[in-house]
Amino acid sequence: MDYSNDLLIRALMAPSQLSNYGSLQWDTLIRQGKRNGLLGRIQVLMKEHQSFSGVPSRVLAHLESARIIAENEQRVMRWEINRICRALEDIEAPVVLLKGAAYVMLELPVARGRFSSDVDILVPKVSIANVEKALIDHGWRHIKVDDYDQFFYRRWSHELPPLQHRDRGTIVDVHHTILPPTGRLHPDPEKLLAASMPLTGTKFSVLAPADMVLHSAAHAFQDGDLTRGLRDVVDMDDLLSHFSATYSSFWEQLAYRADELELSRPLYYALRYSKFYLQTPVPACVSEHSKAWRPAWPASYLMDAIVDRVITAGPWDKDLILKISRRLLYARAHWLRMRPHLLIPHLLRKALRRYRAEGVA
Amino acid sequence: MKISDLTPARLRERLAGDGLKFQTGPFVVRLQTSLATVVEGLGILYGEFPLLPDEEFADFHISLRLPRTLRRWIRPQVIYSYNGESPFPPLPCTQAFPFFETGLNWSIYSEVFNYLIIHAAAVERGGHAAILPAPPGSGKSTLTAGLIHRGWRLLTDELTLVSLSTKRVVPLARPISLKNQAIDIIQQFAPSSVIAAKCCNTAKGTVAYLRPPAESVARMLEPSIPRWLIYPQFSSNGDLSFSALGKAATFSRLADGLVNYTVLGSAGFDLLTSLIDELDCYEFTYSDLGEAIAWFDRLVECD
Amino acid sequence: MISNSLAHSEVHRRWRTVEIHWKEWDDGILVYNASSGSTHVLNPISAKILKALAKYPANIIEALERITQDIGPSDGEVLASIEKFVANLEELGLIEPSSE
């Protein structure tokens, strides 16, 4: 039985073929879709390609449930943005919607069937305290109340500790830059804010298209451990495909901004894996140019191998290579976030806290 | 083919291997386990349930297994695994069967959004369903168990599924969980009933499961039009009493027992309000099971 | 008699309703806010104000005039509470400022 994510990738690439799938294939695909957070996307693709005919009714029920969940997530997110707008009414600084929040408000193709309702915003560092106060005045609360966590976020991180609304339970992450200041790459938030574009009819802005792509790349390949690797690649494919079709000078702008924001390395990975797994139409000249951003061998080889294992692994795979790959990516994410002299005390502290908690239990 | 058509040895072998696919209402469950208590519980309580071929699409993939740590041997634990993930901490191995039942309930209400799900029991008579929402301790399961031994069909014990398109209650017909004194009460009330998988020292005390009547299981694909919504409350002293509930009051009260209402959006609001429009709603207190059942029977007669 | 609290500049702010589904029963009025996904049980006065604003946007004084016909001669306490009810509806997200 083929439990790898290949079936899911094939479904994403050829949704019109789904009406030919047999029960056993659906049995695997529905589970893979759920584990990778992509069943909502599968449902949307099937609707667009009108490939529901011949699909068993119990399978259709799962797709229908996924549709309902994705619509609810969108509703929750839009409402959250509405409430944040209300809370930040008197804040004069720019407030940029990031990631899913921007995708939903712009109604980009990447928002289709997406399961995500946390809101991420970017504000100038000087405005952080006012924004935090305004949100707290309107019912948001800190969920990480441990003194160390608060200290950690405020001192080292690119964002405030997450805030959760006391009634709705939804989370807002307030960023002052897009990567941790302790990390190796330092995309200048002033440049991001300067290039941001207002969202008509709201007080919010969104990142410029190239910056939105670079943020997604940085989030997946610089700050993330690819736990939802396939979904990250799907997002990237959507963004690149949409923007390249919409803006004639998009690729040039992307390369230019990658250099300007020091995000060439994560962009290299994003372009490479998006093209490899989902055949994103990246122009040959752009792929060639991006090779200059590739890490030296053996890092590039190792990264290809472990990313491949993690992205294509089926949800029930438990082999040793997969476990090692996941651990390596997790370690890499921490390594990239913090320099050693900060990372070691931080990890020790986390381990000690976990030990104490288990001891108490 | 039914689960009881398998010999105990064959049942054990299938469950320990690729697993068994069986139907419960609109769902097909694939179960894998080597744990003796689960195998035995399944054989006794799910004997009448249809067995499906391995090629069938399964809605839920569940396994109950021992951990790979020392807790496999020392004070052994059991892990509930759903779609490759373990959403709960392990429980003592002796509680494996209740873990399967509560785990399956959780899996249904985590995944199913094409029905409105109410945390309630439902029974049917004369073509109409009575929905019994109730918080723990209200005696809902005891009442349900009593009703199904006096001519009412079991639709469901824990999760009432209402179709968004037809507004009918769709049965699951799974075993009824009985706790503490309820076990003895039902044993006495219906001596022919089969109660199995008894576990002591769970979070809710002693738990056991009542086998659903064969007829209820045979009719698991027949939905029912809801007619009554009744909040039962067992009271050890006092007379039987009931009062009609206003519809807005019913809606507010029901809100606590709605599992997936907020996710359904306006479709959920429209369904629930039009459903309540068509229901007679009551609060109902009883101390004697026989009297309570007679009251339910009168509802059908007066309908 | 209009209380002093209504002399505030806020009194001229105009309000309109968002997309709402209604259900009225003898014992209560329910509204579903399609934007927030929340369901509310409204007291009769709030329900009347919301209905008044659902017709077309209005400020507090105009809303008051519309509902006065239903509730009879203006009761001093009710008048003083109108602002509070409107603020509550706004906080629940059932109404929002209108530029009309």
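Me: Which domains does the domain assignment of chain B give?
Reply: Domain bounds come from an automatic or database domain assignment. This is a predicted model, in which local features need pLDDT of at least 70 and side-chain atom pairs count only at pLDDT 80 or more, while totals for chains, interfaces and linings use all residues. Residues are numbered from 1 along each chain as its sequence is written, and chains are lettered from A and ligands numbered from 1 in the order in which they are written. The assignment for chain B gives domain 1 (3-111) and domain 2 (115-301).

Me: How many residues of domain 2 of chain B are in contact with domain 1 of chain B?
Reply: Contact between two residues requires C-beta atoms, placed from the backbone, within 7 Å. The C-alpha centres of the two domains of chain B lie 25 Å apart. Domain 1 of chain B contributes 17 residues to the contact, and domain 2 of chain B contributes 24 residues.

Me: Which element gives the most to the side of domain 1 of chain B that touches domain 2 of chain B?
Reply: Elements are DSSP runs numbered from the N terminus: helices (H or I, at least four residues) and strands (E, at least two). At least two residues of this side come from each of α2 (36-45) and α3 (96-111) of chain B. The top contribution is six residues, from α3(B).

Me: Which element of chain A gives the largest share of the side that touches chain B?
Reply: This contact joins 20 residues from chain A to 16 residues from chain B. On the side of chain A, α2 (23-35) and α4 (57-87) each supply at least two residues. The largest share is ten residues, and they belong to α4(A).

Me: How many charged residues are on the side of chain A that touches chain B?
Reply: Ala, Val, Leu, Ile, Met, Phe, Trp, Tyr, Cys and Pro count as nonpolar, Asp, Glu, Lys and Arg as charged, and the others, Gly among them, as polar. By these classes the side of chain A that touches chain B has nine nonpolar and three polar residues, and its charged residues number eight.

Me: Which elements of chain C give two or more residues to the side that touches chain B?
Reply: Twelve residues of chain C meet twelve residues of chain B. The elements of chain C that give two or more to this side are β2 (20-25), β3 (28-33) and β4 (39-42).

Me: Which residue of β4(C) stands opposite Leu30(C)?
Reply: β3(C) and β4(C) form four bridges in the antiparallel sense. Ile29(C) stands opposite Leu42(C). The residue opposite Leu30(C) is Val41(C).

Me: Which residue in the hairpin of β3(C) and β4(C) takes a positive phi?
Reply: This hairpin has five residues between its strands. The phi in question is near 75°, and the residue is Gly37(C).

Me: Which residues touch the most other members of the largest nonpolar core?
Reply: A nonpolar core is a set of buried Ala, Val, Leu, Ile, Met, Phe, Trp, Tyr and Cys residues joined through C-beta atoms within 7 Å. The largest one has 201 residues, and those touching the most other members are Ile121(A), Ala217(A), Ala122(B) and Val123(B).

Me: Why does Leu207(A) count as buried?
Reply: Leu207(A) lies in the loop between β7 (204-206) and α9 (209-221) of chain A. The residues it touches, beyond four places away in sequence, include Val96(A), Leu192(A) and His215(A). A residue is buried if 20 or more other C-beta atoms lie within 10 Å of its own, exposed if 12 or fewer, and partly exposed in between, with C-beta atoms placed from the backbone. Leu207(A) is buried because the number of other C-beta atoms within 10 Å is 23.

Me: What percentage of the residues in chain C is buried?
Reply: Chain C has three helices and five strands. From the N terminus on, they run β-β-β-β-α-α-α-β. Of the 100 residues in chain C, the buried share is 28%.

Key
Pairing = 2+ DSSP bridges.
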